[in-house]
Amino acid sequence: MGVDTKIGLALSGGGSRAIAFHLGCMRALQDRGILERVEVLSSVSGGSVIAALYAYSDDDFETFDKNVCNLLRKGFVWGIVRQALLSPETIKIGATLLTAGVASLFGSIVGVLGSVSSAVGLRNKWITKFVDKIKAPLRRRASRTTAFERHLRTKIFGKQTMSDVKRQNLRTMINAAELRTGTAFRYGSEASGCWRYGKLTYSPHVSEAVAASAAFPALLPALDKQQEFDKSGIRSKSRVIITDGGVYDNLGVTPLLPGRSDSFSTNVVDVNFIICCDAGQGMPSGSDLPFFWRSRMLSTISTIHRRTHVLSYNLLHELESSGKIAGFILPYLGQIDGKLPYRPGDFVARDKTFDYPTDFNPMSDDDIELLTKRGEQLTRILLEHYHPNL
């Protein structure tokens, strides 16, 4: 492929599993001289952690690699716990529980009573308006997620904003989801916001973008913020509730697709070759028995992700077949090994890695080695077999 090839790199969600797998993929891209040619970096959740570590640092790749491995060994859980229990965030979280938490509980109780009155034919439009107004009337100003953001800001990214990209000619997009409108919320190096509200009038901190993108709903509350937007020259303030980008698109590939219009979408880009690194676990074994709330929710989210992933895979094939993109590769952690064009002798098999959980706990050296090596091997195989001239 020639000099006109414009490469977009998408890094999926998947907690620390995704960080390790994507590091391996990036090693292969670095060795082939492709990583420095990437023009757009789009990420989700765990992928946003490593994307930000790369984009907002000017370290050489070897140093970046070591830093990522060190973070994987430490994990993020204890950093979040320390910020939640032993920092100024502790007081904020307590105050939020006593104010917004109590108010939201009251709103929920009134909402239930309103539903009961509606069921017996007593509810009218005035009751409906009252119930709608008192639902979660106060913002959740502090939570485990703001503790996560504080940890990222104080220990990793400092006060860097999204516009402070260190890599030359690289555009970044850290993807989240806005729950009030059910739309994508994209933090970008050139602009941040969502199409329903417009663009933020300031460049947010990298730590905020990463925390929002990685706020896995089953474990971390959504960020609840009042922000100023500019839409078609008109400024306004809106309350937004922002959560894990995987709720909208767990691959992070949507912003890279051709045909998007800036009339309806934020962060429209122009790429014609897509590298989509998917840290998804793939087809489940069928041994799980989701019974309690947490296991049911995790299985539900996983099922939705797999279904949307398949639709995205099919779309990438269609775009390549129609000539709308020059090509793509899809290094996939859950890849069925027998469908690969070939496997090297020291190949890390799927059954060694696919069941690693979605969390931010400390990772052992053995797991780091297996996940990174599989990512590196899959990326090399796909590049060498399908696009040796990239």
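Helices (H or I, at least four residues) and strands (E, at least two) are taken here as DSSP runs, numbered from the N terminus. With that in hand, Leu256 sits in the loop between helix 9 and strand 9. This is a predicted model, where local features need pLDDT of at least 70, side-chain atom pairs count only at pLDDT 80 or more, and totals for chains, interfaces and linings use all residues. Residues are numbered from 1 along each chain as its sequence is written, and side-chain values use heavy atoms, with hydrogens and water left out.

**The chain as a whole**

- The chain has 11 helices and 10 strands.
- Its radius of gyration (taken over C-alpha atoms) is 22 Å, close to the 21 Å that the globule rule gives for 390 residues, so the chain is as compact as a globular protein of that length. That rule is 2.2 Å times the number of residues to the power 0.38.
- Along the principal axes, the C-alpha atoms fill a box of roughly 70 × 50 × 45 Å.
- Of the 390 residues, 52% are buried; buried means under 20% relative accessible area, exposed means over 50%, and partly exposed is in between (1.4 Å probe, protein chains only).
- Take the contacts (heavy atoms within 4.5 Å) with a separation of 6 or more: residues 24 or more positions apart account for 77% of them.
- On the charge side, the mean positions of the 48 positive and 38 negative charges are 10 Å apart. Lys and Arg count as positive, Asp and Glu as negative, while His and the chain ends are not counted; each charge is placed at NZ of Lys, CZ of Arg, CG of Asp or CD of Glu.

- Helix 2 (residues 46-55) is mostly covered, with 10 of its 10 residues buried. Among them are Gly46, Gly47, Val49, Ile50, Leu53 and Tyr54.
- Helix 8 (residues 206-213) has 8 of its 8 residues buried, so it is largely enclosed by the rest of the structure. The buried set includes Glu208, along with Val206, Ser207 and Val210.

- Leu256 is buried, at a relative accessible area of 1%.
- Leaving aside neighbours within four places in sequence, Leu256 is in contact with Gly8, Leu9, Ala10, Val40, Ser42, Met173, Val269, Val271 and Ile274.

**Two asparagines with positive phi**

- As background, most residues other than glycine have a negative phi.
- Asn169 has a positive phi of about 60° although it is not a glycine. Asn169 lies in the loop between helix 7 (144-157) and strand 3 (171-178), and counts as exposed at 65% relative accessibility.
- Asn267 also has a positive phi, near 60°. Asn267 is in the loop between helix 9 (246-249) and strand 9, but counts as buried at 5% relative accessibility.

**Phe291, out on a loop**

- Phe291 lies in the loop between strand 9 (273-277) and helix 10 (293-321).
- Phe291 is exposed, with a relative accessible area of 61%.
- Phe291 and Val310 are 19 residues apart along the chain, and their C-alpha atoms are separated by 26 Å.
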